[in-house]
Amino acid sequence: MLRFIVRRLIQSIPLLFLISAILFVILNNIGDPLATLGGRQRTSAAERDRLERQLGLDQPIHMQYIFWLIGNDWFQFDSDGDGVGDRYGTRRGILRGDLGSSFRERRPVSDVISDRLPPTLLLMGTAYVFTIIMALGVGIYSALRPYSRADNVITALSFILYSMPIFWIALSLLWIFAVTFKQAGLPYLPTVGMYEPGQPVTVAQVARHMVLPVLSLSLISIAGYSRYVRSGMLEVINSDYIRTAYAKGLSGRRVLYRHALKNASLPLVTLIGLDIPFLLGGAVVTEQIFSWPGMGQLFINALDGADFPVLMGLLMLIALLVVIFQILTDVVYALIDPRIRL
Amino acid sequence: MHFRKNLLGAITILMMVSMVLGGVGAQNTKSLSLAFVQEIDSLNFGMYSSQFFSALLTTLWNSPAWVFDDQLNPIPRLAAEIPSTDNGGVSPDGKTITIRLRDDIVWSDGEPITSADFVFTYEMFMADGNAVDSRSPYSLMESVTAPDSQTVVVKFADVYAPWLTSIFTLVHPKHILEPIFEAEGTLDNASYNRIPTVSSGPFVVSEWQTGNYILFTRNEAYFDEPAILDQIFVRFIPDDAAQVAALINRDVDLGIFIAPDDALTLQRNGIDIIAVNSGYNEGLYFNFREGKAPAIKELAVRQAIAYGMDRQGIVEDLLRYGDGPDDHNVVATNFWYNTPWSNPDIQVEEYNPDLARQILEEAGWIDEDGDGIREKDGVRLRLTWATNQRRLRTLVQAVGQQQLAEVGIEVQLVNLPSDIFFGSYGDGNPVALGEYDFWEFSTTPGSFPDPNHVYWTCAEIPSDDNPSGANDMALCDEELDALFQLQRTLADPEARQAIFYQIQQIMHDNVYWLPMWHDPDLYALSARFENARIAPIFQFWNAANWDVSS
């Protein structure tokens, strides 16, 4: 297994280089980071020339990519516009652990991302765990009562929730549990933010602020995932080995959770393995609506301002995690199902 | 079954506990919360930020040479008086401005604010090591000198009429930043840009929780009357609907850029709405680019649009922000509407579809095939109307399209994403490339409340050689261009006003720009927010006087 992991990691290195090169070219063509720097007036040609020189945007794209990779502290830039290089760059490049500097915030991308990562991990992690627990519960319950009234109701609800846009769910929850409940004199939940500014940050306070965003994120996913669990369980529940397990006198609970669920969860493991890296990308809509200070908001802000260094940092982080979690998924597969050999 | 029960039980308990814990904690301090729909990139506006929301915050933590109050009167802050020709602050040739500083001004760390800070600020804007967002207007200066610690002398290469609204809107502490610049050769990465370590305003920046809020607390060393409030939270709430919910729930005390329909909802929930004139007017811009849009170049067609659209009806129906009869935007008369530079003789064309039809017929646009749309020389009168995807604009387009169809003009509507619509010729913006007949947006003179503007000047026509040019209309009227150039060099306000009256008359007579509505910014204020006198620029100029009712 160790050989498999090492081999896959080595294989992923050229893949990550290829991804970074493609992303770099695409991102450099999605917008103009200098377009809005003039404020109310469009950035003038003279200001644009100056900023391009100072930010290194006047260099050909392959040179910019090289700077992003290995840094520019070996290259002299022409900061005063006289055509002669006069200042060494200060970047060390991603291969030396420097993700560059944000055009918008003028601070290291690693700082920008690390500010946003913990809130996203907290929100998305909680929502994901909640989703999986609920999906397993609902899916198993449905599978054990196929085509019963309860199963039909769950199926209908799942399709309704799955069809709903997340902004609609989020805004509905916000208006019902935060605004309407308060106006009706009922206990209510906070509208926005991760905690109340100016008050001590407690677990209870953060938990209160998480209820609505977690529900918004989870409802659609529960609907989707529970269908996978249900169909997986239905497939295995009538298998010979399940019948054999019952014939051996094992308890229903043991058969269900030890034998059936283990095999039925294989598709879910694949989904989870593919989804987890994207959790770090945050939830754009939910974070916007509930003002959650996470990576989704950062992504939108960076996209709006064509802040390439931040976008590159975010997307490469996700790409790296996709590679890692695909390897982990294969490993978990082998652990769950002995028939699979790595 | 037990598992399900346990799970449901746990969820119910979580909900109940979290709800019971709900409610607003007791406030021991005088505090206000402001909602911003955009998180700012830097507090160092001008150098490292061009965002409106960053500009809003400047007067909380940094005192400029002077501010403008809510009536647009200049009020000295660091300066002892507003420079003028009468007090010798403006030289007879108008090129030299002498600013005399107060003798009691200090940074929050107790260091005196002197003319050296002004000179340092100028030098930092111009330093090659600093990738500042814009050097304007410092790049127009020949020199900034400090003959003594309380006198700043600014020399412009040429007369620069808008100096009063654009110089030293922020002044930076030399004693804090000079060592950083000397060590690093740049201020680009200085943490001061994000959390200024010293302040010259009524508040100091205490904390910036990324994505959450910025906390300002009272500057105990402030040289003017100390702030009444203990603290101000600026909360980032990027979603408009969430901002409305937070205002209704009294989680925040001020909301900015409120949409008219949201304003109605807020007013009905006891939130005050105030309209602040920041110089913005919505209007139609016409395409004069050579080889493009032949029909719209005809004055008759532009006049027919002016008479054929019921602008008064549009503002009454679509731009209503209150239940009162006058609680709606008004139709603007010109680009400088509601400023001292606005020509009072210019009136809005009344909605008169019959006159629109008559003008078109006299110009040879006749509906020959009886389909309701006019033709001339076999060419159908079909125009494209572009704007971004803002909901209000799409509604206005739909109404305008219907009304113009009634006078025989077929209009095709185009809605572009904002980043494309507001892009430049160099970005491939189809508007700047001349792909549409006319387009709609709202803007303000670039140095508002100064009237200077460059949109309709010949040198600003975008081209391959000038890809950032601002004159997307590609209009080059030599008489108009000369007047725009002339006003910029006049130090005498009355002479300048006369020039602007002429400019507006030419633009009106030729329908070079069609005003749609005056577009003030709508602010929402909670009932407990007292002494808020939001100004058009330096919006929070009187933040030291802000208070909360008990």
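What covers the buried residues of helix 6 (240–248) of chain B includes parts of both chains. From chain A come helix 6 (166–183) and helix 11 (284–289). From chain B come strand 1 (31–36), strand 10 (254–256), helix 7 (260–268) and strand 19 (521–525). Contact here means heavy atoms within 4.5 Å. Helices (H or I, at least four residues) and strands (E, at least two) are DSSP runs, numbered from the N terminus.

This is a predicted model, in which local features need pLDDT of at least 70, side-chain atom pairs count only at pLDDT 80 or more, and totals for chains, interfaces and linings use all residues. Residues are numbered from 1 along each chain as its sequence is written, chains are lettered from A and ligands numbered from 1 in the order in which they are written, and side-chain values use heavy atoms, with hydrogens and water left out.

Stay with helix 6 of chain B. This helix is mostly covered, with 7 of its 9 residues buried. Buried means under 20% relative accessible area, exposed over 50%, and partly exposed in between (1.4 Å probe, protein chains only). The buried residues are Ala242(B), Gln243(B), Val244(B), Ala245(B), Ala246(B), Leu247(B) and Ile248(B). At the start of the helix, a side-chain oxygen of Asp239(B) comes to within 3.1 Å of the backbone nitrogen of Ala241(B). Just after the helix, Arg250(B) has a positive phi of about 60°.

Next, a sheet in chain B. Three strands form an open sheet in the order 4-6-5, with antiparallel pairing. Two strands pair if DSSP finds at least two bridges between them. Strand 4 (96–100) and strand 5 (141–148) stand at the edges, each with a single partner strand, so one side of each has no neighbour in the sheet. Neighbouring strands are turned by 15° against each other on average, direction ignored. Strand 5 is joined to strand 6 (residues 151–156) by 5 bridges. Thr145(B) stands opposite Val153(B) of strand 6. Helix 3 (residues 115–126) of chain B lies across strands 5 and 6, running at about 160° to strand 5. Axes are lines fitted to C-alpha atoms, for helices over the stretch in contact, and angles run from 0 to 180 degrees between N-to-C directions.

Now the covalent link. The whole structure holds 1 disulfide over all chains, a disulfide being a pair of cysteine sulfur atoms within 2.5 Å. Cys458(B) is joined to Cys476(B), S to S 2.0 Å. The torsion about the S-S bond is about 100°, so the disulfide is right-handed. Cys458(B) is buried at 18% relative accessible area, whereas Cys476(B) is partly exposed at 42%.

Charged pairs come last. Side chains of opposite charge can pair when their charged atoms come close. The search finds 34 salt bridges over all chains, each a side-chain nitrogen of Lys or Arg within 4 Å of a carboxyl oxygen of Asp or Glu. One of them joins Arg96(A) and Asp73(A) at 2.8 Å, N to O. Arg96(A) lies in the loop between strand 2 (87–88) and helix 4 (109–144) of chain A, and Asp73(A) in the loop between helix 3 (61–70) and strand 1 (76–77) of chain A, so the pair ties together parts 23 residues apart in sequence.

In chain B, Asp547(B) meets Lys30(B) at 2.8 Å, N to O. These two are 517 residues apart. Asp547(B) is buried at 13% relative accessibility, while Lys30(B) is partly exposed at 33%. Arg380(B) and Asp371(B) meet at 2.5 Å, N to O. Salt bridges with shared partners join Asp371(B), Glu375(B), Arg380(B), Arg382(B) and Glu410(B) into one network.

Notes
A polar contact is a pair of N or O atoms within 3.5 Å; within protein, one must be able to donate a hydrogen and the other to accept it, and residues adjacent in sequence count only if both atoms are side-chain atoms.
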